[in-house]
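Biologist: Could you walk me through this structure slowly, beginning with the overall layout and then moving on to the details?

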Amino acid sequence: MSPVTPTRVNDFTIKIGTVNGTGSASANTLLMKSLFRSGIPVMGKNYFPSNIQGLPTWYEIRVTRDGHVARSGAVDIMVAMNAETYARDVKEVTPGGYLVYDSTWPRPALLKREDITVVGVPLARLCNENFNGVRTRILMKNICYTGVLAALLDLDVARIRELLAETYAKKPQLVDSNMKAIQLGYDYTRANFTCPLPLHVEKMDSTGGHIMIDGNTAAALGCLFAGATVAAWYPITPSTSLMDAFKMFGDRMRVDATGRKNFAFIQAEDELAAIGMVIGAMWNGARAFTATSGPGISLMNEFLGLAYYAEIPAVVFDIQRVGPSTGMPTRTQQCDLMECAYASHGDTRHVCLYPANPEECFYMAVQAFDLAERLQTPVMVLSDLDIGMNDWMCPDLKWDDSYRPDRGKVLSKEEILKLEKFYRFIDKDGDGITARTLPGVHPRAAYFARGSGHSQYGAYTEDSAEYQQVLDRLLKKWATARKLMPRAVIDATAGASCGIVSLGSCDGAIREALEVLRARDMGVDYMRVRAFPFGEEVEKFLAAHEVLFVVEQNRDAQLRALLTLETAVDKAKLRSLLHYSGLPISSSFIVEGVLAELQPLPEIEAQGAARG
Amino acid sequence: MTFIAKPKVAHPSLPKNALGFTRRDYEGALSTLCAGCGHDSITAAIVEASWGLGIEPQNMVKLSGIGCSSKTTAYFVSGGHGFNSVHGRMPSIAMGANAANRALSYIGVSGDGDTLSIGLGQFCHAIRRNLNMLYIIENNGVYGLTKGQFSASADLGTKAKKGETNFQPPIDAVLLALTLGASFVARSFSGDKEQLVPLIQAGLKHQGFALIDVLSPCVTFNDHEGSTKSYAYTREHYEPAVHADFVPPEREISVDYQAGETVPVVMHDGSRILLRKLDAAYDSTNRSTAAAHIQERMKAGEYLTGLLFIEESQRDFHDINGTPDAPLNSLPFETLSPGSQGLEKVLSRYR
């Protein structure tokens with residue numbers, strides 16, 4: 001007996017559980033792209049293990065006609081391909097949902113849920129009968145479920161063939177074998193089940209002017225377009241694909257007529273060396289960057305302090321993953337907020353940017369170089385695994401051809417020649433930013449960069465007054481930085497006394513949650529901070545609301561801590577909604593969290609959504 | 001380490017190099033190291049070598065880490081930018097700076113603590129990349145600034161000033177560099193300016209990583225009886241294997257050596273190093289026999305010195321990376337950014 005599911009077009013979530021290293025990634029990409037090409041907004045999240053082959057992996061596809069970019073928290077269709085996780089995968093299906101499984105081996109004991117519909121397709125048997133070779137059979141079994149879903153959801157099979165033809169343009173025989181597997185699943189499902197399901201897709205026209213891209217690729221593009229020429233790094237999940245992408249783009253678009261590369265790509269021996277190389281290169285006038293994750297930032301602390309105090313630009317991408325320590329390298333969190341803001345010993349504070357999606361990764365990458373050179377200090381871009389490694393639907397990236405890099409106060413030879421003598425740290429403009437010079441330009445402009453105590457003349461000092469003068473001027477520079485940061489995005493249409501404060505990849509889930517809350521006549525405003533130091537607008541928003549939910553993806557409420565340390569906000573107004581499971585935050589989590597505070601208990605139970 | 005500028009009063013009779021500069025133009029701030037410190041002799045040798053080579057002062061980039069040795073980059077070529085970085089991490093700063101602008105001369109000054117303990121990893125990897133720089137270790141076997149602890153280059157059985165004996169085997173920078181594939185490996189003594197100056201010149205001209213390990217006695221913490229890096233001990237156990245002369249490209253070399261005695265090595269810019277063997281069994285171009293010979297003499301308690309190994313044919317970092325001859329930091333933005341049309345092409349992959 002199966003429950004009756006009401007018809008829902010282009011609005012449901014599919015989750016696919018497989019074993020990593022079995023080719024499921026291609027099947028999932030195929031599904032995502034075929035939906036996107038049919039004009040249907042779609043979200044994809046990959047939950048993968050820190051492993052090469054043989055461990056469980058899941059892929060979540062949200063078909064979302066309204067263009068939501070976060071998890072809903074529900075699983076309407078589960079494709080359970082992994083025997084090892086079968087039991088928990090079955091449990092996770094939202095009541096009224098569907099379970100697709102490989103019925104080559106019937107599993108009656110595990111199917112004791114009467115509130116879901118089970119679709120058994122003998123995928124292994126079909127593939128074993130039609131393909132040769134163990135490896136091929138395993139790979140084709142995963143392609144085969146694409147055919148099953150195509151039948152159940154009414155996907156456009158011609159569109160799938162077109163995508164396969166693009167992917168395997170150089171290996172046409174693979175198009176045929178993949179199509180054969182898809183057709184097997186498709187035909188069997190059509191013959192044995194009522195197709196399509198009440199949950200299915202219909203063509204739309206809502207993806208024009210959009211791309212599907214991950215944040216690491218977008219950030220790498222930003223570095224390329226910003227004119228970065230030195231890239232140094234040490235491999236670490238989930239940042240590696242940013243560097244891979246930069247190299248790929250560089251090899252294609254940064255090669256001169258003689259085949260020489262207009263960029264240096266250096267795989268460092270560790271993160272300490274990687275940041276040292278970036279600092280050395282930017283000190284010497286090149287735009288340089290590194291990408292890492294939390295453990296790498298830990299190692300870079302000493303050098304970040306040097307760059308802060310010696311006033312050397314640097315650009316660091318921190319693709320945050322679950323900590324502490326090694327943590328869960330392939331799961332997402334926003335757990336490096338404090339680490340990055342105050343990296344290194346002594347009085348240090350660093351400029352941080354908080355992109356919310358791949359689109360912002362692109363623009364903020366460019367901005368990071370401008371800010372680093374303008375402020376002569378490290379700038380950290382705090383992305384995370386969810387933004388960095390998942391494909392997001394984003395508006396087309398745009399490039400303004402009139403853009404020219406802001407190289408900051410770097411004296412030219414002509415400017416140097418006009419000077420009687422050059423002193424590195426004298427604040428002539430009153431903004432706390434002093435002019436610097438580059439090696440090789442003129443002997444009169446030579447200075448000594450150092451992390452030891454120095455006077456405004458750039459000379460070594462152990463004199464208290466001289467030391468303090470420089471330290472105080474750095475504060476003045478910090479005040480200038482505050483004015484240059486990207487403003488917080490504020491949605492105060494509700495004019496409410498209650499607000500949500502958040503940052504980064506929480507954005508999609510919050511915007512969806514706001515729709516739900518507002519539909520229930522609950523006025524909630526929203527501010528997404530985009531940079532540290534916080535600007536005036538942040539202070540104003542905090543002051544203007546009586547209750548503030550601080551939504552973030554870590555255990556220790558790091559954004560809340562930063563707000564209490566760096567703004568005048570009354571601590572008592574701040575309520576934390578903390579999501580730190582390692583999975584991206586869902587809209588239902590936020591709705592439930594807000595309702596729990598603002599409404600009596602029975603209302604919450606009525607929500608009924610799976611909390612994920 | 002106070003910053004005292006030396007008065008720049010040049011007597012008209014001071015000799016000038018090809019650029020019209022006197023030796024004073026290659027000096028820096030006054031040293032604040034202990035009187036008699038071996039490091040100051042090395043500084044003087046660097047001044048002499050740079051003046052002799054006729055490097056434009058602003059084209060010299062001076063890099064260091066932390067320690068007594070690392071302070072010395074302030075004491076020479078004040079017209080060149082300096083970077084006193086963090087302990088043991090100078091090679092990465094040098095790598096980044098060199099990546100940004102390959103046209104300048106990079107000289108790194110480090111110590112045995114800075115290189116062989118905290119900085120051992122970065123030192124090794126700079127060698128592997130054949131980073132084009134001259135790397136000088138001012139090696140005294142002791143931590144001076146923290147008052148006399150053994151360093152990783154302290155010899156077995158050497159005695160500290162306070163009386164303890166070292167029982168851990170030393171890391172020898174020269175043997176290590178040879179093992180790692182270094183393309184220029186030399187050892188010298190701070191007190192031997194005649195040997196050191198041409199080595200520094202050759203090292204600066206070498207296209208790739210040039211290591212000079214300079215034994216440099218610490219007069220305060222490692223110049224007592226029982227120390228194997230004291231002046232007395234070093235002088236007694238110091239054995240030049242090869243004498244190197246550096247000859248700039250514009251000088252006629254035929255008069256400088258007699259065939260059969262001296263082996264000339266041609267550098268990338270046409271200059272030459274003339275290697276005069278003092279030890280008939282020594283071959284500076286054979287990595288394995290060089291290493292074996294150095295080890296053999298070490299067993300006898302002797303420091304073999306000179307240009308111990310050279311291989312001019314190795315590819316340096318930029319050669320391997322495929323970067324253009326023009327420094328990366330000089331490339332105009334227009335050649336770096338693909339523009340809106342370039343972006344449109346890229347985006348088609350993501351539709």
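**Layout, contact and sheet**

Modeller: Chain A is divided into domain 1 (8-207), domain 2 (213-395), domain 3 (413-484) and domain 4 (489-607). Please keep in mind throughout that this is a predicted model.

Biologist: How far apart are the centres of domain 1 and domain 3 of chain A?

Modeller: Taken over C-alpha atoms, the centres of domain 1 of chain A and domain 3 of chain A are separated by 60 Å.

Biologist: And how many helices and strands does chain A have?

Modeller: The secondary structure of chain A comes to 20 helices and 23 strands. The radius of gyration of chain A is 27 Å, close to the 25 Å that the globule rule gives for 612 residues, so chain A is as compact as a globular protein of that length. Along its principal axes, the C-alpha trace of chain A spans about 90 × 65 × 40 Å.

Biologist: What share of chain A is buried?

Modeller: Of the 612 residues in chain A, 54% are buried. If you take the contacts in chain A between residues at least 6 apart in sequence, 74% of them join residues at least 24 apart.

Biologist: Okay, what about chain B, how many helices and strands are there?

Modeller: Chain B has 12 helices and 13 strands, and its C-alpha atoms fill a box of roughly 75 × 50 × 50 Å along the principal axes. The radius of gyration of chain B is 21 Å, which agrees with the value near 20 Å that a compact globule of 351 residues would have. Buried residues make up 53% of the 351 residues in chain B, and among the contacts in chain B between residues at least 6 apart in sequence, 71% join residues at least 24 apart.

Biologist: Is there a helix in chain B worth looking at, and is α3 of chain B mostly covered or mostly open?

Modeller: Helix α3 (residues 90-100) of chain B is mostly covered, with 11 of its 11 residues buried. Among them are M90(B), P91(B), I93(B) and N98(B).

Biologist: Switching topic, how many residues does each chain bring to the contact?

Modeller: Chain A puts 56 residues into the contact, and chain B puts in 52 residues. On the side of chain A that touches chain B, the elements that each supply at least two residues include β9 (210-214), α7 (215-226), α9 (271-283), α10 (294-310) and β17 (448-450) of chain A.

Biologist: Which one gives the largest share?

Modeller: That is α9(A), which supplies nine residues of the side of chain A that touches chain B. Sorted by class, that side of chain A has 35 nonpolar, 11 polar and 10 charged residues.

Biologist: How does β12(A) pair with β10(A) and β13(A)?

Modeller: β12(A) pairs with β10(A) in the parallel sense over two bridges, and V230(A) stands opposite A288(A) in β12(A). β12(A) also pairs in the parallel sense with strand β13 (residues 314-320) of chain A, over four bridges, and there T290(A) stands opposite V316(A) in β13(A). Continuing from β13(A), seven bridges join it to strand β15 (residues 378-384) of chain A, and these two run parallel.

Biologist: Which way do the residues of β12(A) point?

Modeller: In a regular strand the side chains alternate between the two faces of the sheet. Here A288(A), T290(A) and T292(A) point one way from β12(A), while F289(A) and A291(A) point the other way, and all are buried.

Biologist: Last one, what covers the buried residues of α6(A)?

Modeller: The cover includes β7 (117-121), α3 (123-130), α4 (134-153) and α5 (157-167) of chain A. The buried residues of α6(A) are N178(A), A181(A), I182(A), L184(A), G185(A), Y186(A) and T189(A). Helix α6 (residues 172-192) of chain A has 21 residues and reaches 31 Å from its first C-alpha to its last, close to the 30 Å expected at 1.5 Å a residue.

Key
Residues numbered from 1 in each chain as written. Chains lettered and ligands numbered in written order. Predicted model: local features only at pLDDT ≥ 70, side-chain atom pairs only at ≥ 80, totals over all residues. Expected span 1.5 Å × (residues − 1). Buried ≥ 20, exposed ≤ 12 C-beta atoms within 10 Å, placed from the backbone. Contact = placed C-beta atoms within 7 Å. Domains from an automatic or database assignment. Nonpolar A, V, L, I, M, F, W, Y, C, P; charged D, E, K, R; others polar. Rg over C-alpha atoms; globule rule 2.2 N^0.38 Å. Pairing = 2+ DSSP bridges.
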